[in-house]
Amino acid sequence: MKTPATDTISSFSLAAMIRSARRNYAEVRTHSLALTRSLTSEDQSVQSMPDASPTKWHLGHTTWFFETLLLAPHVPGYAPFDARMAYLFNSYYESLGPRLARPERGMLTRPALEHVLAYRQHVDAAVDNLLSTMDAAVAPTVLDALALGLHHEQQHQELLVTDIVHAFSRNPLFPAFAPPSGLLEIPRNSSGGAEWLSHPGGIVDVGHDGPGFAFDNERPRHPTLLRPFAIADRLVTNREYLAFIDDDGYRRSDFWLSDGWAAIHANGWEAPGYWMRAETLALRPSELPDEGWLSFGHDGLHALDFDDAVTHLSFYEAAAYAQWAGARLPTEFEWEAASTLPGMRQVADRAWQWTRSSYDPYPGFRPLAGAASEYNGKFMVGQLVLRGGSIATPPGHARNSYRNFFPPATRWQITGMRLARDA
Ligand SMILES: [Fe+2]
């Protein structure tokens with residue numbers, strides 16, 4: 001977050017900044033707990049695969065992040081709530097010491113959920129006290145660390161949802177995640193055929209600069225050359241993707257990248273993640289059909305919604321579908337340049353959209369200082385960029401310059417696609 005230079009902060013603007021920071025902090029932290037309201041403590045302990053973390057771990061890790069990157073450096077003599085937390089809840093920060101291996105997070109039946117919630121309360125009180133008592137000299141660095149911690153927690157709010165949905169997808173009872181009302185309820189806005197929107201290309205600026213928070217991987221803003229292209233005004237739907245399946249899309253190698261062809265065979269994929277054939281399930285609600293495709297999501301098991309965006313695609317499947325459809329995926333720069341075109345639908349409210357761009361540093365990339373330098377930069381190999389945002393992305397979290405990234409075989413995130421083609 002860009003903040004005014006120390007010497008320009010008057011006591012009046014400092015008071016306003018403190019008020020706003022305390023409010024933002026309380027809102028984001030409360031939202032994480034609101035997401036867990038329908039979950040039992042058993043739900044919150046389970047780890048369904050190495051990539052997915054237990055809810056309880058997300059609650060502890062986001063708290064550890066504030067304790068380690070905000071409180072420890074800025075509160076003189078700060079004593080950690082519980083010295084064991086650093087080992088349990090450090091995710092991947094080599095510079096911050098040893099940690100529990102990621103696939104072992106499901107072993108954390110202890111500390112009890114109550115202890116993790118007490119940890120949150122302890123850190124929340126300490127952060128509020130730090131914000132309330134800071135002076136103008138430290139405010140810029142404290143507010144920068146706070147902003148990073150809040151955007152980090154929002155990223156984990158989305159992971160919390162996708163991780164518990166994955167766990168529930170493995171439960172024969174197929175429970176619904178049932179978030180608080182209003183959450184994840186976004187009009188799908190995908191009706192009608194897709195329209196092609198034209199972009200003239202040329203030298204366009206991409207990336208973030210100016211006021212407002214952005215991660216280091218969105219900087220620096222820089223010019224890039226685009227050829228003229230066209231891009232679909234909405235995401236590919238389940239109905240459209242089913243036509244690819246029914247055309248033997250998963251059995252014809254000519255649509256697939258070599259690694260993708262290997263991946264669908266190694267994993268036995270014949271449809272997007274969370275699509276299930278009704279006749280293969282032992283238990284399903286009585287109102288659901290005996291045959292045909294069902295799909296599972298945060299709202300439980302249901303008949304496939306043909307007009308909704310297809311989701312839980314790997315990059316490989318998105319690329320194969322595009323090939324079958326006589327199109328291609330947009331690059332991340334085409335996506336960003338097109339994101340403000342009149343008529344663009346489902347920009348950031350439905351599903352993350354795979355792009356044809358490797359997750360690489362921008363020219364002139366500089367990671368954040370200190371431990372936060374490990375936040376993004378060290379993951380810049382072997383991953384693809386996704387743009388947009390999903391129904392599980394907290395409101396206000398993503399931007400048109402936002403770069404999400406995952407390995408190409410990832411399917412448990414809410415990942416879909418938008419087609420592009422050369423003009
Ligand atoms: Fe994290």
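The model is predicted: local features need pLDDT of at least 70, side-chain atom pairs count only at pLDDT 80 or more, and totals for chains, interfaces and linings use all residues. Residues are numbered from 1 along each chain as its sequence is written, and side-chain values use heavy atoms, with hydrogens and water left out. The whole structure holds 22 salt bridges and 32 aromatic pairs.

**Helix 4**

- Helices (H or I, at least four residues) and strands (E, at least two) are DSSP runs, numbered from the N terminus.
- Helix 4 takes in 21 residues, 113-133. Its expected span (1.5 Å times one less than its number of residues) is 30 Å, and its end C-alpha atoms are 30 Å apart, which agrees.
- Its buried residues (under 20% relative accessible area; exposed is over 50%, partly exposed in between; 1.4 Å probe, protein chains only) are Leu 113, Val 116, Tyr 119, Arg 120, Val 123, Ala 126, Val 127, Leu 130 and Leu 131.
- They cover an arc of only 150° around the axis, which puts them on the same side of helix 4. The arc is that of the directions from the helix axis to the C-beta atoms.
- Glu 114, Gln 121 and Thr 133 are exposed on the other side of helix 4.
- Cover for the buried residues includes helix 1 (11-35), helix 2 (55-74), helix 3 (85-89) and helix 5 (139-169). Contact here means heavy atoms within 4.5 Å.

**Salt bridges**

- A salt bridge is a side-chain nitrogen of Lys or Arg within 4 Å of a carboxyl oxygen of Asp or Glu.
- Glu 153 and Arg 120 form one at 2.8 Å, N to O. Glu 153 lies in helix 5 and Arg 120 in helix 4, so the pair ties together parts 33 residues apart in sequence.
- Both partners are buried: Glu 153 has a relative accessible area of 1%, and Arg 120 has 2%.
- A network of salt bridges links Arg 29, Arg 120, Asp 124 and Glu 153.
- Arg 328 bridges to Glu 334, with the closest N and O atoms 2.9 Å apart. Arg 328 is partly exposed at 23%, whereas Glu 334 is buried at 7%.
- Arg 328 also bridges to Asp 422, at 2.8 Å. This pair links the loop between helix 8 (315-324) and helix 9 (332-338) to strand 12 (residues 420-422), 94 residues apart. Asp 422 is exposed at 54%.

- His 61 in helix 2 and His 156 in helix 5 are 95 residues apart.
- His 61 and His 156 are buried.

**Aromatic pairs**

- Rings of Phe, Tyr and Trp (its six-membered ring) pair if their centres lie within 6.5 Å; planes under 30 degrees apart count as stacked, over 60 as edge-to-face and the rest as tilted.
- Phe 213 and Phe 215 have ring centres 5.0 Å apart and planes at 85°, so the pair is edge-to-face. Phe 213 is buried at 11%, and Phe 215 is buried at 3%.
- Phe 244 and Trp 256 have centres 6.3 Å apart and planes at 40°, so the pair is tilted.
- Ring pairs join a cluster that includes Trp 64, Phe 65, Phe 213 and Phe 215.
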